[in-house]
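Hi,

Here is the structure I promised to pass on. Have a look at it, then read my notes below.

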Amino acid sequence: MYDFSSISMLVGISLVITLMLCNHGITEVEARENGSLRLVGSSNYRMGRVEIYIEPNNTWGTVCDDGWSSSDAQVVCRQLGFGNWGIAIQRFPISASADTPIWLDDVECVGHESRLLDCPHNGLERHNCVHSEDAGVTCGGALPKFPLRLVGGNSSREGRVEIYYKNSWATICDEGWDNNDAGVVCKQLGLSPTGSAVRFAGFGQGTGTILLANV
């Protein structure tokens, strides 16, 4: 458990960002029917870049984040079996490769739709986007009060630790950061409960609020 009693907003202070490396991956199960969804780019299977499978092209592609909202995230999470709660993430930090199609743009779900493909949108591949605008979600279910994600790694099992608080992603200072802390992060992300702490901004410095220190 994290101790949030000493949360401090250290904006503007130069501090080293906490980093970690997890030791275990997850198994991805892909349904392959028109309109199927998957989440990509995160070691937490309830979080990721939204990709949709389109027939007859038989290809996974992304969704542009123009107008991406909590109603859209709610439909995605429900279609994936995670319940009705979801956080919309614009400009998901791990974008798709340049040759990946962008299938949908300007998605406008009401929130009651059973599939994302049923929501109003511009039409397949009708967009004005690039992959830095890929949409993502964090879904509920057994999701903790303070979701985590890994950013900037070469795989979904490593990266800078970021924590979701008050509708934005924040970072953690590496003062006192060790393998025990890394293990808790890995476990919360659904991985093995062991991990290796990495310090000194090895995956790049974050931006915005530094939420926690001396974890």
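This is a predicted model: local features need pLDDT of at least 70, side-chain atom pairs count only at pLDDT 80 or more; totals for chains, interfaces and linings use all residues.

How many helices and strands does the secondary structure of the protein chain come to? The protein chain has 2 helices and 12 strands, where helices (H or I, at least four residues) and strands (E, at least two) are DSSP runs, numbered from the N terminus.

Residues are numbered from 1 along each chain as its sequence is written, and side-chain values use heavy atoms, leaving out hydrogens and water.

Now for the whole chain. Of its 215 residues, 48% count as buried (under 20% relative accessible area; exposed is over 50%, partly exposed in between, with a 1.4 Å probe and protein chains only). Take the contacts (heavy atoms within 4.5 Å) between residues at least 6 apart in sequence: 69% of them join residues at least 24 apart.

On to the rings. Those of Phe, Tyr and Trp (its six-membered ring) pair if their centres lie within 6.5 Å; planes under 30 degrees apart are stacked, over 60 edge-to-face and the rest tilted. That gives 2 aromatic pairs. Tyrosine 53 and tryptophan 60 have ring centres 5.1 Å apart and planes at 55°, so this pair is tilted. Both tyrosine 53 and tryptophan 60 are buried. Tyrosine 164 and tryptophan 169 pair edge-to-face, with 5.0 Å between centres and 65° between planes. Tyrosine 164 is buried at 14% relative accessible area, and tryptophan 169 is buried at 16%.

Cheers
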